[in-house]
Amino acid sequence: MSTLSFRSAAFGLLLAALPLTAQAAGERVIPPELSWSFSGPFGKFDRAQLQRGYKVYKEVCANCHSASLLKFRNLSQPGGPEFSAGQVTALAATYQIKDGPNDAGEMFERPGRAADAFPAPFPNEQAARAANGGAYPPDLSVLAKARTYERGFPRFVFDIFTQYQEQGPDYIAALLTGYKDPPPEGVTLLPGQYYNTYMPGHLIAMPNVLNDGQVEFPKGPDGQPQVPETAQQYAKDVTAFLMWAAEPHLEARKRIGLQVMLFLLIFGGLLYYTKKKVWSRMPDGTPVH
Amino acid sequence: MSGHSSYVPKTGFERWLDARLPIIRLAHDSAVSYPVPRNLNYFWTFGGILMFMLVAQIVTGIILVMHYTPHATMAFNSVEHIMRDVNYGWLLRYLHSNGASMFFLAVYIHIFRGLYYGSYKAPREVLWILGVVILLLMMATAFMGYVLPWGQMSFWGATVITSLFSALPIVGETIVTFLWGGFSVDNPTLNRFFSLHYLLPFMIFGVVILHVWALHHVGQNNPTGVEVKNVAKDTVPFTPYATVKDLFAMVCFIFVFAYFVFYTPNFMGHADNYIPANPAVTPAHIVPEWYFLPFYAILRAVPDKLGGVIAMGAAIVVLAFLPWIDSSKVKSMSYRPIARQLFWAFVVVCIGLGWLGAMPAEGGYVIASQIFTVLYFGYFVALFVVGLFERPKALPNSIADSVLGTLQGGSGARMGTAVAAEPNAKG
């Protein structure tokens, strides 16, 4: 993405800037299509996966990225990770939230409550940039819906019928494990740049943050983790979590959708036969056709 | 067509009211006894579908406004607040955003129906021009609505489209400053777009009333283009015939609408609009909503900025002159062997322009856009020329004759009717 001064962008955009920015976006590698529990007309989130994903988010992503649209209470709402209300209250209380001003006019810190938003790691964008070599880690709240790639003709038409719409999750999961170190021959990286196969233009300011065994997952009865503690698995789980964060009512939407479609089908069928009956005769009783 | 009112007040209250405000008579005459050509096919149900969509957009919109905050620093988060915290807010918002797309889908089918069956010809010129006015108002409303979530595509789409006005000589810069409420797209722009986005739908509603009034005065066109001659033989009363048919078509349309809303609600949108507006970062591709793409392609096809703006405007305004451009007296293209092929070529050109509008403005795409732009306007020229020498097929004597197959005009005309009326024949 190129940064243009605002005035020149406003006036020069139409013919000049479009091809220019298109080139600046660089070549893209299409991420592989993964299978997600929430895809398709009957899709649902996998609670255990969302809980694991939250753990990865909390221990890894949240060090640099905010997710300011999320509240702790969301974690116990139906259709999400569905932690218990008690777990959420206890979790929120582990954070110190800045509040105020109090009656003396001073800001103060208090333990978090379920109604609080996820606290951001940096007080403002400038602080975030200063701590990250000038790059701003984007807010993760709706990121899974804010990333995509061109599907192209005719695939975008098929997508209507297959309901494929997981470009964002596919891209994020691929990006998180798409680092090449050292970079391919001929690519020189500036300090603070990393090479990622799936990043448009391949240069990314975020280092590889997911390593095997880095985040501990819940153990089964045999003392072994239920899923492998690998970077691949972390990437998938945290991506599922981000998809829920971006679309917290996805399950309700698909569930209600099925009811609506069935209703319309039955209602439409009844109307069809009513129409046929009405249109079989003219008002004077002669056939219409 | 409206003729003598058949309303008979049945109760004392109805008689009392009818003498003072004949509103029940109005409803009865326009929605019950109003005569409808008996040979209408399903393309004629889109008027009713559009009425439903307009009301649906206004209702969902009014409720969304109760939760939305029109401010540059809060708009994006207030939309997310609707998506997350408002009861069924996600449903309202997806209904409204997909509803805009469905509204345009229906209106484009409605317009192409009018083009094919010559619904713009006498005595329906005013009816048709009112329709073009509605289309323009719809475009303005949809454009300003897309700005309200204040995402990247909102912001940059607003920047690109509003700065088009700067191409106008002398007054251009002043108009742009006036639209922006300042010297760049910013909070004042969002505020005035919000205000106008709330106002324009009601103006559409007003013009729709005129549109329906004009329609009920001149009567509906029909697939043969032959006017009603005998009300008893050629028409059926609106209720129950048209009512139940429109309702059935509406439910089918809502099925498609609901499919998008519930199963792939962001298909018509753009991912970049989930990134908050940022004046410092230009998106890689600035693409308008799909329903603007053909006009966007025409805009970019002309190398000169002012020329592009004029061409884009002309592409819509030329429709209003169709009643006088089309030189043929025959309305329905079912009976016009050459014009019919032109029509289908025009449909292909419009879809092609839509595709080109989504492509980057470079290399072969620009050349293709230029060719298709010429073809777009060429349709109107060709329609004028063809009408001068085209030999139409024999028209049926009446609507009833065309339906009952008692034709005098030979097999050619009969085939034409069969093609045109096919959905009806099956329904």
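Predicted model: local features only at pLDDT ≥ 70, side-chain atom pairs only at ≥ 80, totals over all residues.
User: Where do I start with confidence in chain A? What is its average pLDDT?

Analyst: Chain A averages a pLDDT of 90, and 91% of the residues score at least 70. Residues 1–25 of chain A have a pLDDT below 50. That stretch still has 48 contacts in the model beyond near neighbours in sequence.

User: How is chain A divided into domains?

Analyst: Read the bounds, then the spacing. Domain 1 of chain A takes in 24–70 + 117–248, and domain 2 covers 256–289. The C-alpha centres of these two domains are separated by 48 Å.

User: Is helix 6 of chain A buried or in the open?

Analyst: Count its buried residues. A residue needs 20 or more other C-beta atoms within 10 Å to be buried. Helix 6 spans residues 155–162 of chain A, and of its 8 residues the number buried is 0, so this helix lies largely in the open. Look also at what follows the helix. Just after helix 6 of chain A, Gln163(A) takes a positive phi of about 60°.

User: Now a loop residue. Where is Thr197(A), and which residues is Thr197(A) in contact with?

Analyst: Thr197(A) sits in the loop between strand 3 (194–195) and strand 4 (203–204) of chain A. Then check its surroundings. Thr197(A) has 15 other C-beta atoms within 10 Å, so Thr197(A) is partly exposed. Setting aside neighbours within four places in sequence, Thr197(A) is in contact with Val29(A), Gly178(A), Lys180(A) and His202(A). Thr197(A) and Val56(A) are 141 residues apart in sequence, with 22 Å between their C-alpha atoms.

User: What does the radius of gyration say about chain B?

Analyst: Compare it with the value for a compact globule. For 427 residues that value would be near 22 Å; chain B has 24 Å, which agrees. The C-alpha atoms of chain B fill a box of roughly 70 × 60 × 45 Å along the principal axes. Chain B has 19 helices and 2 strands. Buried residues make up 45% of its 427 residues.

User: How do I read the nonpolar cores?

Analyst: In soluble globular proteins, nonpolar side chains tend to be buried together. Here the largest nonpolar core has 96 residues. Ile49(B), Phe103(B), Ala106(B), Ala297(B), Ile298(B) and Leu353(B) have the most contacts inside it. Helix 5 of chain B, residues 89–116, gives the largest share, 14 residues. Domain 2 (38–286) and domain 3 (293–392) of chain B each contribute at least three residues to this core. Apart from it lies another core, of 43 residues, including Phe38(A), Met199(A), Phe241(A) and Ala245(A).

User: Which residues surround Ile49(B) in contact terms?

Analyst: Beyond neighbours within four places in sequence, Ile49(B) is in contact with Ala106(B), Ala249(B), Met250(B) and Phe253(B).

User: Last, how far apart are the centres of domain 2 and domain 3 of chain B?

Analyst: Their C-alpha centres lie 22 Å apart. The contact takes 21 residues from domain 2 of chain B and 17 residues from domain 3 of chain B. On the domain 2 side, helix 5 and helix 6 (125–147) of chain B each supply at least two residues. Helix 6 of chain B gives the most to that side, with 6 residues.

Definitions and conventions:
Residues numbered from 1 in each chain as written. Chains lettered and ligands numbered in written order. Domains from an automatic or database assignment. Helix = DSSP H or I, 4+ residues; strand = E, 2+ residues; numbered from the N terminus. Rg over C-alpha atoms; globule rule 2.2 N^0.38 Å. Buried ≥ 20, exposed ≤ 12 C-beta atoms within 10 Å, placed from the backbone. Core = buried A, V, L, I, M, F, W, Y, C linked by C-beta atoms within 7 Å. Contact = placed C-beta atoms within 7 Å. pLDDT = per-residue confidence, 0-100.
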